[in-house]
Amino acid sequence: MTREENRAFVVAVAAQHEKRLRRFLLARVRNAADVSDLVQEVFLRLLRVEDHESIRMPEAYVFALANHVLYQHRLRQARKPEAVDILDVLTEMQTVPENDPSAQTETQQRVEELERALSLLPPRAQAALVLHRRDGFSLEEIAGQLGVSRPMAKKYLAKALLHCRRRLEDNE
C-alpha cells in the first residue's frame, strides 16, 4: 500500500469515527484539553499501520487503539507529581487565629521549614519561585530576569515547587 493510500484510509476512518472517538475519550479523561492530543495520537498510530487491508473492522481497531492510548495517558498522569501551591500554604498560614498558640507555633514551624526548603534550592530555582510567587512574574518575565529560555524558567519553577512540596510533606 502506498503512502497516499494509507493517508486516504486514515482520513476516511477519521471522517467516519472521529466524533464518537472524541466523545469516548472525553468521558474517560479528567482534562478535556487532552482529548485532541489523544485523538491525534490514535490516528497517528493508525497511520503507522503498514497493512490496512488486514484491518477488517476499522471502528473496532480505532477504539482498541484509543484504549491503549488512554492506558498510556493514565500511566503518564499517575507519574506526574501533584502540585502544591505555595501561595495556598502561605494563605493558610496567614489565616491562623491570633489567640491559638498551638496554631501559631505550627504556622511558625511551617514557615521555617519553607524557608529551609528554599535555602536548599539552587539559586536560579529559588529565584524563579520567589519571582513567580512573591512578585507575580510570568514565565517569560522570569526567563528575562534570569537570562534563560522560557522552558528553562519553567523547569526551575517546577523544580522549586516540587522540592518545597516534598519538604513540607516529609515534615507532616
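Arg23 sits in helix 1; helices here are DSSP runs of H or I with at least four residues, strands are E runs of at least two, and both are numbered from the N terminus. Arg23 is exposed because its relative accessible area is 54%. By the cut-offs, exposed means over 50% relative accessible area, buried means under 20%, and partly exposed lies in between, with a 1.4 Å probe and protein chains only. Arg23 and Val35 are twelve residues apart in sequence, and their C-alpha atoms are 8.9 Å apart in space.

A word on the source. This is a predicted model, where local features need pLDDT of at least 70 and side-chain atom pairs count only at pLDDT 80 or more, while totals for chains, interfaces and linings use all residues. Residues are numbered from 1 along each chain as its sequence is written, and side-chain values use heavy atoms, with hydrogens and water left out.

Now the whole chain. The protein chain has eight helices and zero strands. Of its 172 residues, 33% are buried.

Next, helix 1 again. Glu5 is in helix 1, which covers residues 3-26. Is Glu5 buried or partly exposed? Glu5 counts as partly exposed because its relative accessibility is 42%.

On to helix 2. Arg45 lies in helix 2, residues 35-48. With 18% relative accessibility, Arg45 counts as buried. The side chains of Arg45 and Gln72 are joined by a polar contact of 2.3 Å. A polar contact is a pair of N or O atoms within 3.5 Å; within protein, one must be able to donate a hydrogen and the other to accept it, and residues adjacent in sequence count only if both atoms are side-chain atoms.
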